[in-house]
Amino acid sequence: MNTHDNFENCVKDQLTIILSIRDNHEMTTRWLEYAMKVRLRFKIIIADGSNRSFILAKKHENTLRVKLVRSEYDKDHITYMRKLSHILNKVVDTEFCLLADNDDFYIFSEIERYVKFLIENRGYAACCGSIIKFELSQIYFGTPRFTHLAKLSSFKQKEPIKRLSAILDRANYREIYYDVMYTKTLRTALSDFIRLNNNDVNYRFLEFYIAVKVLSTGKAKSFNEVFLLRQEDYQSSTSKDLGLLDSIFLKNWSHLYHNLIKYANTSFINDHGEFNNEKLINKSFRTLFETHLSDKIISGGVRRISFISFLRSRYKKTFYFTLIKSLRSYVRIKRFYVSESDLVKKLKKIVFD
């Protein structure tokens, strides 16, 4: 066996996929069937926080490198966080890890490419590709309709503080949650999140702790090729009750926000032990959150934060707005199918055939 073959075999032992589930066992079975179809070589840990425990089929157990770890029911945010923390600290034994939902599909050949990239480029702390969204004619199976392609930003600035500033720009912002990343980085981000908030956590803030920890330790690379297909017309119950818009209005939201700012500032202390551009960090987070939250609140049409937003929320409930929105969506999808015809055919063949 030559050096190349040794490296190829080494790659499959360097990453663990953490498939966190809470019921929705049809989705989990579908995910495992897909993993079998594409001959997934990485380790899989199913973090089961279901009310009704998932039963691992013999064919999956015999074909895949899968381990089922049961925990108490994911009844709230902190229980879910503790489940992930336990998996990362006690079960995962690889250098890299990947978080997965059972209603999404990864292109695992791309994941192998990212692991190789991170091994060969130690200045990078995370790696991903483009994300495509789809809907199915039936919830669990059927004809797919691709609806949106998102090409994500890379953050390759030499100075860590500039990387953080870049990702907090609304035009660049993306989750690093689904990137391939170092296990130790994700483990630390999650432990810090729980510790600093004294178990009073809001799941929505975890993505920012991960971004802070990743970008304070290295660069983040995004390739153009699609690496993740996300089902838009169905949301996994693993996160459905853990990221609700209404969580913004819980009494602990302000407390968690200020804890996040403190965490970001301390994570980017410079070599002299001083805060590195503290004002820039504070302003960047504030601008991102204000824009994000106001958009969400207005589009939801539930919270009236101003007279203008009230009028906009009423307008968005009219027949004409709904009609125009539907027409725009139809045209956008048709244009996408024409411009990305080869990509659509490729993804259908890999995932759905």
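Student: Which type of contact joins the side chains of K58 and E61?

Tutor: This is a predicted model. In it, the N to O distance between the two side chains is 3.8 Å. The cut-off is a Lys or Arg side-chain nitrogen within 4 Å of a carboxyl oxygen of Asp or Glu. So K58 and E61 meet the rule, and their contact is a salt bridge.

Student: How many helical turns, about, separate K58 and E61?

Tutor: Both residues belong to helix α3, residues 58–63. They sit three residues apart there, so their separation is about one helical turn.

Student: How many salt bridges does the rule count?

Tutor: The pair K58 and E61 is a salt bridge. The count by this rule comes to 18.

Student: At what angle do helix α4 and helix α7 pack?

Tutor: Two packed helices are described by an angle and a distance between their axes. Helix α4 covers residues 77–91, and helix α7 covers residues 183–196. Their axes are 10 Å apart, and the angle is about 145°.

Student: Is the crossing of α4 and α7 left-handed or right-handed?

Tutor: Look at where the two helices meet. On the α4 side, the contact residues include I78, M81 and L84. On the α7 side, L186, L190 and F193 are among them. The crossing is left-handed.

Student: How far apart are the axes of helix α6 and helix α8?

Tutor: Helix α6 spans residues 160–167, and helix α8 spans residues 206–217. The crossing is right-handed. P160, R163, L164 and I167 in α6 meet residues of α8, including A211 and V212. The angle is about 145°, and the axes lie apart by 8 Å.

Student: What accessible area do F319, Y320, L323, I324 and L327 have together?

Tutor: These residues form a nonpolar patch on the surface. One of them, L327, lies in helix α13, residues 319–339. Together, their accessible area is about 560 Å².

Technical notes: Residues are numbered from 1 along each chain as its sequence is written. This is a predicted model: local features need pLDDT of at least 70, side-chain atom pairs count only at pLDDT 80 or more; totals for chains, interfaces and linings use all residues. Side-chain values use heavy atoms; hydrogens and water are left out. Axes are lines fitted to C-alpha atoms, for helices over the stretch in contact, and angles run from 0 to 180 degrees between N-to-C directions. Helices (H or I, at least four residues) and strands (E, at least two) are DSSP runs, numbered from the N terminus. A crossing is left-handed if the near helix is turned anticlockwise from the far one by less than a right angle, and right-handed if clockwise. Contact means heavy atoms within 4.5 Å. Patches are made of residues with over 30% relative accessible area and no salt bridge: like charges are joined within 9 Å, nonpolar side chains (Val, Leu, Ile, Met, Phe, Trp, Tyr) within 5 Å. Accessible areas come from the Shrake-Rupley method with a 1.4 Å probe; for residues, only the protein chains shown count as cover.
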